[in-house]
Amino acid sequence: MGAGAAGLYAALVAAAEGASVALVSRSPLAETASYWAQGGIAAALTEGDSPAQHAADTLAAARDMARESAVRVLCEESPARVRDLQELGVRFDADRAGNLALGLEGGHSQRRVVHAGGAATGRRITRTLSALAATDERITVLEPVAASALATSGDGRCVGLTVRRRTGDPVALPARAVILATGGMAALWQRTTNPRGALGAGLSLASDGGALLADLEFMQFHPTALRLDGPRDGFLVTEAVRGEGALLYDSQGERFVDELAPRDEVALAIHTELERTGEPAVWLDMRSVEVERFPNIAATLADVGLDPARDLLPVAPAAHYTMGGVATDLNGRSSVPGLYAVGEAACTGLHGANRLASNSLAECLVFGRRAALAACEEPAPPGGQAAIAPDPRMTEPPSGETRAALWRHAGLRRDAEGLSELRSDPYPLARLIGAACLAREESRGAHQRTDHPATEPGLDCMHALLGSAGEPEFRRWQ
Ligand SMILES: Cc1cc2nc3c(=O)[nH]c(=O)nc-3n(C[C@H](O)[C@H](O)[C@H](O)COP(=O)(O)OP(=O)(O)OC[C@H]3O[C@@H](n4cnc5c(N)ncnc54)[C@H](O)[C@@H]3O)c2cc1C
């Protein structure tokens, strides 16, 4: 379910194993977060680098919250997945000697981010993968088709799903296994870098089907989203431009933060600056950066009348990446047998309280492959006509009030009073987010509580697991 990087890659791997795959996608490719991804994929590919160093950077960024086993898997396997993509036909940017050109991003101790088309990495990857999926005879692409419920058998196993086209009756799709690759939920927040469909539909369906969610309190805010009036508000200016020397200035023209610190630090520094001055934006200075290396950013800036060779760019944080999600093991298995989750919809515990830049496309590939292989081993679904599962309508978009409430109460700084209001929001997922944020009575990474400003060492690596009733339980994951 889902045709971004995680769903496409999982479908291709499962098909290569001989599975018959239905790839269900609600929106066209160009409306996935994967298509919009800019900076690239993190992988230790050079002699001077190693999976151990990549893991150390990931753990440091995660603020003592990452599940170490998931970090190890990601860092050890992402180089092989980058090579897989090359074999499938993705051409990454190379230097004059023909070696992969590696970008530097915040929190990485060295250059290890492979990219394509400058900052068009996601577009290049998903176009290649979707062309392969469209022509693979084992894959049936169902688009635009929304999954609206999971089907479960009497013993609680997930045995398929119910799907809907824009018109017409719901249809049952029986399946050996369902892999949720429905992306994150950052578009539930009023100001976001994400496509509007990133509403956490997979999290809602999984929770309704009995699966545990985890770490919903950790929403990553990207520091440098364009701050404009109009439709381009929230357009992301990749961290890679700061890796190439772009600087941040306050309203007095002074630098106020290390531009290459991890994201939580930079976003919070900008937020603090905006609170202090009451200004809507700080300024990103790309004048020293070769903008031709980032053609899609240059094109968008030209569209809104900004010239990065001359103008400073107004930027402010926006909701960007869902570090929590459907709780899974290292093969994407959720707490419901037969139900898997991968990519941004999943929470393996890899990102802890603060995702390291460019680890998410790597996650889509590494865990997408693992889940596809594991799902192929599930027993065949029960024969006969599958029943249409009740359609809980949890995937309806939220109201403007809910999006404003999440931005106000679960933004870069939170407190119990505001979070308690979310507990009675009409949107079920907003209530679960409120519950997770309220339960974590500390500040850590992306979760900053003004009423609990200290980090509690007792909560290190304690992940908040949440059933649909909304009472989080803290557990340590191995
Ligand atoms: C602007 C931007 C830049 C980024 N840059 C980078 C980067 O440089 N490097 C990096 O590692 N990460 C980056 N990220 C994050 C990364 O792109 C995402 O985490 C990742 O692409 C998520 O992939 P996914 O396959 O899990 O989900 P998505 O790509 O979001 O795909 C979700 C899919 O699920 C489908 N879907 C949703 N609900 C339903 C439903 N009910 N029924 C059927 N289908 C459904 C959608 O139609 C879509 O096909 C960026 C994100 C953004 C927004």
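Because the model is predicted, local features need pLDDT of at least 70 and side-chain atom pairs count only at pLDDT 80 or more, while totals for chains, interfaces and linings use all residues. Residues are numbered from 1 along each chain as its sequence is written, and side-chain values use heavy atoms, with hydrogens and water left out.

Helices (H or I, at least four residues) and strands (E, at least two) are DSSP runs numbered from the N terminus, and two strands pair if DSSP finds at least two bridges between them. Five of the five residues of strand 18 (residues 462–466) are buried, so the strand is largely enclosed by the rest of the structure. Here buried means under 20% relative accessible area, exposed over 50%, and partly exposed in between (1.4 Å probe, protein chains only); the areas themselves come from the Shrake-Rupley method. In a regular strand the side chains alternate between the two faces of the sheet. In strand 18 both faces are covered, with Met 462, Ala 464 and Leu 466 buried on one side and His 463 and Leu 465 buried on the other.

As for partners, strand 18 runs antiparallel to strand 10, joined by two bridges, and Ala 214 has Leu 465 as its bridge partner there.

A separate, open sheet has three strands in the order 2-4-3, with antiparallel pairing. Strand 2 (41–42) and strand 3 stand at its edges with a single partner strand each, so one side of each is left without a neighbour in the sheet. Strand 3 is joined to strand 4 (residues 113–114) by two bridges, and Gly 103 stands opposite Val 113.

Side chains of opposite charge can pair when their charged atoms come close. With a salt bridge taken as a side-chain nitrogen of Lys or Arg within 4 Å of a carboxyl oxygen of Asp or Glu, the count comes to 28. One of them joins Arg 112 and Asp 57 at 2.8 Å, N to O. Arg 112 lies in the loop between strand 3 and strand 4 and Asp 57 in helix 3, so the pair ties together parts that are 55 residues apart in sequence. Both Arg 112 and Asp 57 are buried.

Glu 244 and Arg 111 form another salt bridge, at 3.1 Å, N to O. Glu 244 is in the loop between helix 7 (240–243) and strand 12 (247–249), and Arg 111 is in the loop between strand 3 and strand 4, so this pair ties together parts 133 residues apart in sequence. Glu 244 counts as partly exposed at 22% relative accessibility, and Arg 111 does too, at 36%. In the salt bridge of Asp 329 with Arg 333, the closest N and O atoms are 3.0 Å apart; Asp 329 is partly exposed at 23%, as is Arg 333 at 35%. Salt bridges that share partners also join Glu 217, Arg 440, Glu 442, Arg 444 and Asp 460 into one network.

Two other arginines are worth a look. Arg 81 lies in helix 4 and, at 8% relative accessibility, counts as buried. Arg 91 is in the loop between helix 4 (68–88) and strand 3 (102–103) and counts as exposed at 72%.

Finally, the backbone. Most residues other than glycine have a negative phi, and most peptide bonds are trans. Asp 64, in the loop between helix 3 (51–61) and helix 4, has a positive phi of about 55°. Asp 215 has one of about 60° and lies in the loop between strand 10 (213–214) and strand 11 (219–226); at 1% relative accessibility, Asp 215 counts as buried. The peptide bond from Glu 143 to Pro 144 is cis, with omega near -5°, and Pro 144 lies in the loop between strand 5 (139–142) and strand 6 (146–152).
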